[in-house]
Amino acid sequence: MALMAFALAASSLAFGGTIAQAQTTATGINGKWGSAILIQNVGSGPLNSGDYSIAFYDSNGGTTPLVTYKPDKQIIAGSSAEFYIPNITTAPTLASGQYSAVISSSQAVKAVVNSSTDSATTGPWSAFSYEGVDAAEAKSPLYFPAFYRNYYTFLSELVIQNAGTTTANVKATLYNGLSGASSGEINLGQIPANASRTYGWNDTKFSSLASGNTGIYGVVVTADQPLAGISNIWSSDSTNYGVGSYNAFTAGANTVYAGSMYNQYYGFVSSLTVQNIDTTTAASVTISYSDGTTDGPFSIPAGQSRERYQPNNASLSSGNTNGLLSATITSTGAQVVAIVNIQRKSRTNIAVADPSNPAFGSYSAAITTPSTSVSVPAIFNDYYGYFTAVSVKNTGAATSIKLTYADGTTWTQNAAAGATVNFSHLPTNPNNPLKTSIQTSGTVSSTQPLVVVIQHNTDPSLSSYRPAKSPNDFLFVLSGFPK
């Protein structure tokens, strides 16, 4: 059994971005959204028709799903399949709207959700991605390191699913990342079993909290039922179409890994936000970058978050050769969690987004012990306008890293101790072993422990590139699944 949670927006419903009140059932992000669920079979045998299903729940939730979809696609062990929600035909029909979902399977599976405005006839065109949550990992509390209330134009919403069997009573505490002020416990209301709720940055329950360039918060959400959650991020700046999403945390660690970070690397930059999840004790935090640069130790008081924007650190390597980075975050005194935001900036002015490709994405940094084998549920190679970069951080000694695809094809690169290597599936990359116009899956392996970040994006060099949909942010960012 695998739980795949959160809001899935069907493509024919246009969300207008109106003010989100408490317990809303629709996203506040502008655009006409559609979602695809990608399921990877990580079991030992095939998944045949009848071996797995996707149950969809509306805002009423309950123990009986609104619609249960039983795919007829076979998924052999190690491979994956994609299901585009607006194309699903069932009886009854799944109407346009925003849903939560649960995947049930006879084999172990991993799942990710890619949401985009691809099918819209007018912009803005954008995309975001997040990982499905295994049923055993749905818990309370949830930790969100970065929640934005018009923070340098960035906005946030929390999407929370009740993964329990009865109605959940949900509360949240927000800690300002600059002043340290706490909101106190805010009652977010009730969420029925299997349903989800969206809480936007401009929700009336948050109206007393600071907004603008001081409006950055770490959030702790609690309930009397297990929860799964994501946070969606976007900008109020009409010239910045970027949308990102990251998974909430249910636990922290004293060592956290950010596998892919950027400092003016082909226009990409990143920020790292670290949250102390202890509500009584301060954390002493050090960030060690892959180029040898160290930031810290610095203190993060109980419950709070601190942000580090990589271009602001003059000591860090930068540029197209050295600007691909990773980091190891260590903490004493308390455990921490972290997220990374990635954005593509103008080549001539780092203060503004790239006018043709204002790519934006977010991912949750790894808190689990790095693994020598990591699943990659989806890899695109010139596939409907997308390609995939698989970024792998070597957390051990110098080693070779192998990417093995579902058909047995392999690609190997060498990685220095602590370094990150990039498997970029662009047609211009002579090392790319895949055929054009395919979607596959893979496994990254090594003798040393690894952390993997997956990025799907678009590029003019692709034969399937869609020049009419420009400018766009078609960047999906998510983490690989340790085996």
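## Arg466 and Asp118

In this predicted model, Arg466 is partly exposed, its relative accessible area being 21%. Its side chain meets that of Asp118 in a salt bridge, with an N to O distance of 3.2 Å. Asp118 belongs to the loop between β9 (109-116) and β10 (125-131), whereas Arg466 belongs to the loop between β32 (438-457) and β33 (472-473), so the pair ties together parts of the chain that are 348 residues apart in sequence. Asp118, for its part, has a relative accessibility of 18% and therefore counts as buried, because the buried class covers values under 20%.

## Further salt bridges

The structure holds four salt bridges, and another of them joins the side chains of Arg308 and Asp295, at 2.7 Å from N to O. This pair links distant parts of the chain, with Arg308 in strand β23 (residues 305-309) and Asp295 in strand β22 (residues 294-300), 13 residues apart. Arg308 is partly exposed, with a relative accessible area of 24%, while Asp295 is buried, with a relative accessible area of 15%.

A salt bridge is also formed by Asp354 with Arg344, where the closest N and O atoms are 3.5 Å apart. Asp354 is placed in the loop between β25 (336-344) and β26 (360-364) and Arg344 in strand β25 itself, so this pair ties together parts that are 10 residues apart in sequence. Both partners, Asp354 and Arg344, are buried.

Ser424 lies in strand β31, which covers residues 420-424, and counts as buried at 14% relative accessibility. When its neighbours within four places in sequence are left aside, Ser424 is in contact with Phe387, Thr388, Ala389, Trp411, Asn429 and Asn432.

Ala416 is found in the loop between β30 (410-415) and β31, and this residue is partly exposed, with a relative accessible area of 47%. Not counting residues up to four places away in sequence, Ala416 touches Asn394 and Ala398. The C-alpha atoms of Ala416 and Ser290 are separated by 9.7 Å, although these two residues are 126 residues apart along the chain.

Tyr152 is located in the loop between β11 and β12 (154-162), whereas Ser437 is located in the loop between β31 and β32. Ser437 counts as partly exposed, at 45% relative accessibility.

Definitions and conventions:
Residues are numbered from 1 along each chain as its sequence is written. This is a predicted model: local features need pLDDT of at least 70, side-chain atom pairs count only at pLDDT 80 or more; totals for chains, interfaces and linings use all residues. Side-chain values use heavy atoms; hydrogens and water are left out. Helices (H or I, at least four residues) and strands (E, at least two) are DSSP runs, numbered from the N terminus. Buried means under 20% relative accessible area, exposed over 50%, partly exposed in between (1.4 Å probe, protein chains only). Contact means heavy atoms within 4.5 Å.
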